[in-house]
Protein chains: 2
Amino acid sequence: MSLIEWAIGRRLANREHPERRLGAFEGVPAMGLDGVGSSAYGPEAALTILIPLGAAGLIYIGPIMAAIIALLAILYASYRQTIAAYPNNGGAYIVSRENLGRNTSLLAAAALMIDYVLNVAVGISAGVGALISAVPALHDYILPLCLGILALVTLMNLRGTLDAGRLFALPTYTFVLSFLVVLAIGTWNTLTSAGPPMPVIPPPVLPEATAPVSAWLLMHAFASGCTAMTGVEAVSNGMSAFKEPRLRYGRRTLTAICAILGLLLAGIAYLASNYRILAMHQEMPGYESVLSQLAHAVAGDGVLYYVAIGSLLCVLALSANTSFVDFPRLCRMVAEDGFLPRSFAIAGRRLVFSVGIFYLASTAALLLVLFGGITDRLIPLFAIGAFLTFTMSQVGMVVHWLKALRSAKDLRTKTPLRVHLLINALGAWATGSALIVIVAAKFSEGAWITLLVIPAVIVLLKTIRRYYDDLDAGLRDDGPINLARVEPPVVLVVTERWDKLTDKALGFALRLSADVVAVHVTALDGPEGKDERSIRDRWVRDVELPSRVAGIKPPRLMLLRSEYRLIYDPLLKLIKELETEFADRDIAVILPEVVKTTWWQWLMHTHRGRRLRTKLLRYGGSRLVVVSIPWYLDEPRIDEGIYHAKTG
Amino acid sequence: MSLIEWAIGRRLANREHPERRLGAFEGVPAMGLDGVGSSAYGPEAALTILIPLGAAGLIYIGPIMAAIIALLAILYASYRQTIAAYPNNGGAYIVSRENLGRNTSLLAAAALMIDYVLNVAVGISAGVGALISAVPALHDYILPLCLGILALVTLMNLRGTLDAGRLFALPTYTFVLSFLVVLAIGTWNTLTSAGPPMPVIPPPVLPEATAPVSAWLLMHAFASGCTAMTGVEAVSNGMSAFKEPRLRYGRRTLTAICAILGLLLAGIAYLASNYRILAMHQEMPGYESVLSQLAHAVAGDGVLYYVAIGSLLCVLALSANTSFVDFPRLCRMVAEDGFLPRSFAIAGRRLVFSVGIFYLASTAALLLVLFGGITDRLIPLFAIGAFLTFTMSQVGMVVHWLKALRSAKDLRTKTPLRVHLLINALGAWATGSALIVIVAAKFSEGAWITLLVIPAVIVLLKTIRRYYDDLDAGLRDDGPINLARVEPPVVLVVTERWDKLTDKALGFALRLSADVVAVHVTALDGPEGKDERSIRDRWVRDVELPSRVAGIKPPRLMLLRSEYRLIYDPLLKLIKELETEFADRDIAVILPEVVKTTWWQWLMHTHRGRRLRTKLLRYGGSRLVVVSIPWYLDEPRIDEGIYHAKTG
């Protein structure tokens with residue numbers, strides 16, 4: 001208990017919720033690390049595809065990046081509209097649920113979930129990739145490093161989104177500042193030098209061209225580069241995390257993320273082609289990432305390089321945080337609709353949805369272990385889900401504006417709606433086209449796996465919903481309370497011997513019914529059973545005779561032998577017989593139990609009572625009721641159990 | 001469930017107990033492996049002490065072994081008497097409990113328990129030592145091998161003593177036969193050769209003498225050699241495992257064990273001095289045990305050597321089995337007297353005391369891990385417990401015969417009693433003297449640890465007994481049944497909404513009392529709670545109005561807000577208030593619960609009900625009663641839960 005408090009902080013009250021929400025300052029680190037960090041692996045992924053072109057590849061990086069930045073601008077404009085229209089979480093799931101129907105929204109949910117899990121794995125392994133680029137000696141520890149970072153991010157998010165946002169603000173803003181400085185210096189050098197700029201530390205010699213340029217290759221590079229855009233949707237999915245006025249803080253955060261990302265992408269493309277930097281294969285010895293080559297070329301081996309690369313490493317590793325903010329909130333909405341277990345919708349100790357966080361962490365850990373912690377193999381799986389949800393969200397918004405247009409009366413309200421429609425339609429067209437390119441380019445590389453997994457997830461979601469629907473249908477009570485007077489139940493009191501437990505239990509039993517049977521199961525300890533005569537003698541003396549004197553039908557004592565030393569075995573048999581004999585009466589089993597309050601008491605008792613209760617409830621049938629009567633060695637102070645009372 | 005059945009066999013009925021008992025054929029492997037296997041480490045331990053004497057040490061091995069064999073003969077005679085006098089388990093614990101009093105018997109119990117745990121560790125590590133002597137390549141795997149063998153022995157004993165005895169009969173009788181052949185050949189060669197016999201494979205050259213002979217050294221060697229005798233008491237401690245006529249099978253087993261052990265000890269001492277074989281330090285590279293050197297010297301490297309050493313390895317490794325037979329039976333008796341948790345006295349699935357077996361296995365595993373699986377370091381700890389219990393058992397028998405003599409009338413009955421007395425007194429004198437020598441010789445080597453641990457164990461046993469005594473005193477009910485009519489309880493029904501669960505629970509509640517309050521805890525899922533108006537509206541329509549119409553006091557609905565999302569928090573507070581308000585009434589909390597029957601249902605529900613029940617019983621106080629009302633998605637067939645019905 002106190003270990004948990006130490007790790008993730010004290011339990012928060014519901015009323016503390018408003019103080020736990022984000023402004024834009026925490027919003028950028030909390031939700032934007034994915035978007036901002038994408039600047040590292042987007043260009044790198046595009047350049048990796050261009051490796052076969054050799055030096056000729058550098059000609060094409062400019063136009064490819066220009067296309068990607070244009071797409072980013074379209075996305076920015078359309079998501080600004082989306083969060084305004086759905087300020088309580090305008091993610092693809094909600095937008096398609098409201099506009100495209102239930103099934104489409106499940107497709108969006110499945111794609112988003114997969115995307116978020118992949119984002120955690122890709123983000124962390126990219127971060128560790130950058131670390132190894134700087135410290136090659138760590139090459140053998142890729143997987144442990146990945147899992148360690150995952151554990152850190154998980155723990156911080158269990159403490160709360162605000163805590164994570166505050167802690168991760170330092171590396172985020174350091175990264176942005178230091179790379180803007182690197183890019184500024186590089187641009188200055190390029191503009192002021194005659195011919196190509198002189199690198200301080202020259203990047204590796206460019207490889208020989210091994211393939212001619214082709215439209216397919218360029219499309220492929222574009223598709224890979226598009227991974228740079230994932231994370232832009234994060235703000236729309238996580239709107240509920242912002243404080244009021246929510247829309248203002250959401251817009252500020254979105255603007256900051258897109259502006260930073262656009263600047264970085266443009267700068268990297270410009271400098272890479274001028275400093276003649278291409279990607280290297282990640283498995284190669286001496287591998288160095290594009291950003292590291294670039295920082296080396298511009299800033300040499302000084303403090304700026306280490307600050308830039310150090311903060312880049314942090315940003316990449318922590319870009320998983322975006323998923324940890326959005327995934328649990330998405331799952332919460334899906335769970336509230338009945339498509340995920342209800343526990344996903346419960347706010348945990350720190351007012352975050354802990355079950356979603358645990359689930360995300362364990363699935364990502366599994367992926368990291370399966371893929372050995374290497375990013376490249378995961379990226380093809382990654383982009384499809386992201387662009388699928390982009391497209392669905394945009395299409396959903398198009399439908400949203402069309403509906404609004406239909407109900408709009410005059411031209412003055414129609415004109416802005418038409419502008420909104422145009423922007424989202426442009427977004428839908430752009431992201432849809434990108435999606436087709438990505439699917440075509442990455443299908444054989446593993447993207448087909450995503451296309452298999454998405455339907456499987458949808459089937460799972462629908463199965464869960466069907467379970468809850470069946471449960472609700474079974475539990476639904478359309479009529480009023482059933483006040484039919486029924487006969488009192490037959491009562492069984494489970495007893496070990498004549499003691500205060502049994503005395504107390506019989507007292508309760510006699511209130512319930514006149515038909516009380518005390519059951520004592522013998523031979524539980526083994527074949528060499530104890531003598532059972534004494535319990536019978538005491539029963540006659542202390543129960544039967546006094547009852548008769550008081551004019552009460554005496555509770556009968558029944559000794560049942562258990563051949564298999566299982567207490568529930570003869571009891572269930574007896575209950576079955578009683579149910580047949582008394583077809584119209586319920587059966588109440590009374591279990592007196594000594595309450596254990598310390599760990600060592602658990603070792604001192606046999607736990608038969610607990611196991612018996614479980615078995616009775618599991619197999620007893622709907623005419624059975626189990627009554628637990630506690631007995632305390634020391635009467636507890638009820639206050640001890642009240643959380644609220646303890647913390648004031 | 002079926003995995004357990006596959007591993008240890010089907011659950012046995014109490015009535016099958018007679019068929020599960022041992023004859024002498026299974027008795028020797030089941031209980032005698034410790035005694036028989038001692039022939040390997042007893043002489044080895046004595047010879048290890050003699051190493052500093054070099055070749056001169058060989059002169060003394062004969063006399064030392066003769067003393068040990070004489071002690072063995074005395075022990076044999078006295079244990080024959082003990083098992084006749086206490087045929088239902090004549091171990092040191094029972095003998096001293098009956099004759100020397102409670103405290104002395106606890107000393108015996110503590111010493112025996114420690115002895116049994118040490119025997120498992122020593123036996124297994126000696127077996128692995130012998131294996132490494134034969135296959136030095138395995139030297140790096142000492143600990144894993146030890147733990148693997150421990151697991152095997154544990155599993156076999158969980159299946160049952162009979163199963164273990166049958167399985168281990170093959171290696172036991174192979175060992176006895178093959179070593180008798182080796183000893184016979186060696187003796188024949190010695191007797192027929194002129195001068196010392198020619199070894200087939202000569203043993204290592206004897207080390208230089210580094211110390212002069214001293215009485216202390218010889219006593220030390222005797223004390224170490226006495227470990228050869230541990231295991232002789234096993235039959236007396238495990239008498240309850242034999243089939244009827246119990247005394248006959250017990251005596252046969254005891255005789256077989258002592259005869260085999262005596263022959264082996266005599267033969268080994270004779271051949272070691274003639275073939276000039278001394279012990280080697282176990283940590284030395286190229287270490288070879290005395291028996292392996294001896295078998296090599298007599299039989300060379302042929303089939304006989306491998307059969308002999310292979311079966312020796314098995315016997316040593318399996319000598320732990322003796323502890324697994326006796327320790328759980330000892331713990332059972334101690335637990336029945338209230339000095340150990342009651343679960344030690346419960347016969348498990350296979351009619352053996354599984355808790356004792358688990359406890360023994362885990363303690364021995366801990367020891368093996370702590371000591372790295374090397375025997376030598378454990379032996380000093382070992383002998384004291386064994387000889388302490390020998391002595392106590394003998395002294396107890398002396399008292400037993402003295403009592404019998406006092407009540408005996410005529411000379412005809414007195415004479416045999418005097419013979420019995422004499423034999424046990426001799427046994428007590430011999431084992432007591434050996435004990436003193438052992439304590440003196442081994443004190444500094446680690447035996448002091450045993451002398452610290454024994455009192456600690458006694459304190460633990462007494463603490464456990466005190467707990468049970470307090471519990472019994474608290475529970476004892478000296479008077480007859482309390483028939484005082486009390487007011488019906490105030491009933492709380494925990495409800496999530498108006499459904500069949502609540503309907504059923506209210507039906508039961510109204511039977512109990514006219515004062516029924518339904519409690520619905522809100523804000524459990526987090527700060528953004530759902531609208532609670534609908535539950536109130538339905539309550540009025542479907543509960544309050546119909547009740548009023550029927551002339552029943554309507555159950556009230558109470559909404560409680562939980563700031564900390566803990567369902568028990570506001571409930572315990574309410575219960576506390578009610579207990580103050582209604583000082584003379586009990587409070588019954590009714591928990592309707594959906595019964596989960598499959599593993600995936602566990603993932604679909606929140607388990608609040610289960611946790612609530614635990615908290616209520618823990619903190620609710622003695623005026624609280626918890627009623628669990630099951631609700632089934634599919635009505636269970638009660639038969640499924642009845643074990644007896646399933647297996648016929």
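One term before we start: contact, or touching, means heavy atoms within 4.5 Å. By that rule, and not counting residues up to four places away in sequence, A:C258 touches A:L72, A:Y76 and A:V232.

Some ground rules. This is a predicted model: local features need pLDDT of at least 70, side-chain atom pairs count only at pLDDT 80 or more, and totals for chains, interfaces and linings use all residues. Residues are numbered from 1 along each chain as its sequence is written, chains are lettered from A and ligands numbered from 1 in the order in which they are written, and side-chain values use heavy atoms, with hydrogens and water left out.

Back to A:C258. This cysteine lies in helix α10 of chain A, residues 246-275. Helices here are DSSP runs of H or I with at least four residues, strands are runs of E with at least two, and both are numbered from the N terminus. Is A:C258 buried or exposed? At 8% relative accessibility, A:C258 counts as buried. Buried means under 20% relative accessible area, exposed means over 50%, and partly exposed is in between, with a 1.4 Å probe and protein chains only. The C-alpha atoms of A:C258 and A:P285 are separated by 34 Å, and the two residues are 27 apart along the chain.

Now the two chains. Two copies of a chain are related by a rotation about an axis and a shift along it. Here, a rotation of 180° with 0.1 Å of shift along the axis superposes chain B on chain A, with an RMSD of 0.2 Å. That is the relation of a two-fold axis. In chain B, the C-alpha nearest the axis belongs to B:V627, 2.1 Å from it. The superposition is by least squares, on the C-alpha atoms of residues with pLDDT of at least 70 in both copies. Of the interface residues of chain B, 99% are also interface residues in chain A, so the copies meet through the same surface.

One serine has contacts in both chains. B:S547 lies in helix α18 of chain B, residues 533-549. B:S547 is buried, with a relative accessible area of 0%. Leaving out residues up to four places away in sequence, B:S547 touches A:I481, A:L483, B:I552, B:P554 and B:P555.

On a 1 Å grid over the protein atoms alone, a cavity is a set of points where a 1.4 Å probe fits but cannot get out, and lining residues have an atom within 4 Å of a point. Grid points are joined across faces, edges and corners, and a volume is the space filled by probe spheres set on the points. How many cavities of 30 Å³ or more are there? The count comes to 4. The largest cavity has a volume of about 280 Å³. It is lined by 23 residues, and the closest to its centre are A:H17, A:L351, A:F353, B:P527 and B:E528. The largest share of that lining, 3 residues, comes from α13(A).

On to aromatics. Rings of Phe, Tyr and Trp (its six-membered ring) pair if their centres lie within 6.5 Å; planes under 30 degrees apart count as stacked, over 60 as edge-to-face and the rest as tilted. The whole structure has 22 aromatic pairs over all chains. A:Y79 and A:F390 have ring centres 6.2 Å apart and planes at 65°, so the pair is edge-to-face. The pair links distant parts of the chain: A:Y79 sits in helix α3 and A:F390 in helix α15, 311 residues apart. A:Y79 and A:F390 are buried.

B:F344 and B:Y359 also form an edge-to-face pair, 5.9 Å centre to centre with 75° between the planes. B:F344 counts as buried at 8% relative accessibility, and B:Y359 as partly exposed at 42%.

Last, the backbone. The peptide bond from A:E244 to A:P245 is cis, with omega near -5°. A cis peptide bond also joins B:E244 and B:P245, with omega about -5°. Phi of A:R565 is near 60°, a positive value in a residue other than glycine. A:R565 is found in the loop between β3 and α19 of chain A. B:H607 has a positive phi too, near 65°, and lies in the loop between α20 and α21 of chain B.

Key: On a 1 Å grid over the protein atoms alone, a cavity is a set of points where a 1.4 Å probe fits but cannot get out, and a pocket is an open set with protein on both sides within 12 Å along at least five of seven lines; lining residues have an atom within 4 Å of a point.
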